[in-house]
Amino acid sequence: MKRALYIAFDQLHRGYGVLKAADKSSDLIVLVESQSMIAGAHWHPERLFFLISSARHFAAELRAEGFEVRYLKAENTVAGLQEIRDEFPKIEFLAAEQSSYRLSKSLNNFGVTFIENDFFLTPRSLFISWASSQKSYLMENFYRKQRVRLNVLMEGEAPIGGQWNYDKDNRLPPPKNYTWPPYLEHQRDAIDLEVAAELKMEATTLWATTRAGALAQLKYFIENHFEKFGPYEDAMALDSWSLHHSVISPYINNGLLHPSEVIEAACASFYKGTVPIESAEGFVRQVIGWREYINGMYWFLGEDYRDNNQLGANRPLLPLFTDPSKTQMNCVKSIVEDVKARSWVHHIPRLMVLSNLALITGTNPQQFLDWMRREFIDASDWVMVPNVIGMGVHADGGQMMSKPYAAGGAYISRMSNYCKGCSYNPKLRVGDDACPFTTLYWDFLDRHKETFAKNHRMGQQVNGLKRLSDLDELKHRAQEVLSGLEKGEI
Ligand SMILES: Cc1cc2nc3c(=O)[nH]c(=O)nc-3n(C[C@H](O)[C@H](O)[C@H](O)COP(=O)(O)OP(=O)(O)OC[C@H]3O[C@@H](n4cnc5c(N)ncnc54)[C@H](O)[C@@H]3O)c2cc1C
Ligand code: SF4
């Protein structure tokens, strides 16, 4: 064997990375199940199950295709590669660029040669040259360039439909008396059952662990959800855990799907005429815009970016994040229960409920980031760090997003049906029944008013403080709420 091709657990695609030019006669394929990674944190079981079972299925598929494959269980990735070097002292190690600073460094030190990471649509160097030319890193500007460069939903030089952005049409609350299509279930095979037994868990039918399953999920989304994706993109509903979202993030992130396949399928469906432009554009924006932007920013902002805490937020992680019985807030309780059940909730619960709560309670950004990393099935460093530190809790002082996504109960009440069954009232900011989000939103603005006064996009919100005749009472209630949250009593 001349070359060892290392396949990371987030590069499971036959047509990309080092596999696209693999040679069965001279290449050894290597995958490493890092035991220190598995034991290193209290990971959500669905997450471990999904990552390990997908990798074992992928190794089995490559073997069936005629490749020589080593699937190693080793202390860590480098220890696994060392086993290969011990066996083949002259072998050359090759991999696609890794998705985290940590693995890039350790593989580089080991002597692995990298080829460009083509699991994204935007080479890192291209993003860095775009970002270096910007004063502020507005996703919208990047996205428009992507539409043109990748020629997606374009009519010559103009966007199809005449507008770049249909966000204003895509903010409907959950519809009343509505039946959401059932969720696609994924049947289990012997490999799944073996992994589940090793992890001492019951295998659920929630997540696909093969390329065939991931493709089935994409098809199911296109046929059953895509049409209504746009209008209900921001809604949160008690009677549906995924609404009309695609639920494909785990698969694009571990390689079972490539973003170009997702975009091709979405555009083909749009051109058939069954999907309105609001939904098509809204979805394309997520995949060629947000996803690529977040990955680009991870590499552009550098390794230390994750340590930012520019709002000086030092509250330890609240108990409700690990135990939803520790809160009476209906929105938070339901969403944390959903995370526990499936290791996934969609974008708005992540941003406007979980991160918003961490932001306005002044929770330590790194503790919150670690919790999100452990709990979510689609989490990796490249995607969690900018989404949490930049977008979620504004810990970077506005480097990525020009203003924090802080909101009171009125937003959650408008976009969901959580508030009806809640012990609190989203309209109230003081008193025992006041919604903790509403109280803490104003308290957060007050605590940071000097910082935000310098931000022209926050001026209106900060000025709103002047209209509050009960600010002292509100600040008192905010202290009660914060100490109640710490004790798990709110
Ligand atoms: C605080 C916070 C943490 C997040 N953490 C993750 C994470 O760990 N992994 C992850 O994949 N996404 C993350 N996201 C982005 C987004 O919430 C998920 O990608 C989305 O909910 C996945 O569900 P879906 O596949 O149904 O997405 P859809 O709503 O159907 O969107 C389609 C695809 O667009 C991509 N996408 C959309 N927004 C983003 C974004 N901000 N960043 C990256 N990709 C995006 C995803 O690949 C997604 O599958 C996070 C967002 C926030 C606010
Ligand atoms: S009232 Fe407040 S805490 Fe209760 S569900 Fe609504 S937003 Fe959440």
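Reader: Before I dig in, how are things numbered here, and what does the predicted model need for local features?

Author: Residues count from 1 along each chain as its sequence is written, while chains are lettered from A and ligands numbered from 1 in the order in which they are written. Since the model is predicted, local features need pLDDT of at least 70 and side-chain atom pairs count only at pLDDT 80 or more, while totals for chains, interfaces and linings use all residues.

Reader: Ok, which domains is the protein chain divided into?

Author: Domain 1 (3-115), domain 2 (124-301) and domain 3 (307-487). The bounds come from an automatic or database domain assignment.

Reader: And how many residues go into the contact of domain 1 with domain 3?

Author: The centres of domain 1 and domain 3, taken over C-alpha atoms, are separated by 38 Å. Their contact takes 10 residues from domain 1 and 8 residues from domain 3, where contact means C-beta atoms, placed from the backbone, within 7 Å.

Reader: New topic: strand β4, is that mostly buried or exposed?

Author: Buried: 4 of the 5 residues in β4 (92-96) are. Buried means 20 or more other C-beta atoms within 10 Å of the residue's own, again placed from the backbone; exposed means 12 or fewer, and partly exposed is in between. Strands (E, at least two residues) and helices (H or I, at least four) are DSSP runs, numbered from the N terminus.

Reader: Now the ligands. Which residues are closest to ligand 1?

Author: H245, S246, S249, Q286 and H347, out of 27 surrounding residues; near means a C-beta atom, placed from the backbone, within 6 Å. α16 gives the most to this shell, with 6 residues. Domain 2 and domain 3 each supply at least three residues to the shell.

Reader: And ligand 2, which residues come nearest there?

Author: M329, C331, C419, C422 and C435, of 14 around it. The largest share of that shell, 3 residues, comes from α17.

Reader: How many of the ligand 2 shell residues are charged?

Author: None; the shell has 11 nonpolar and 3 polar residues. Nonpolar covers Ala, Val, Leu, Ile, Met, Phe, Trp, Tyr, Cys and Pro, charged covers Asp, Glu, Lys and Arg, and the others, Gly among them, are polar.

Notes:
Two residues are in contact if their C-beta atoms, placed from the backbone, lie within 7 Å.
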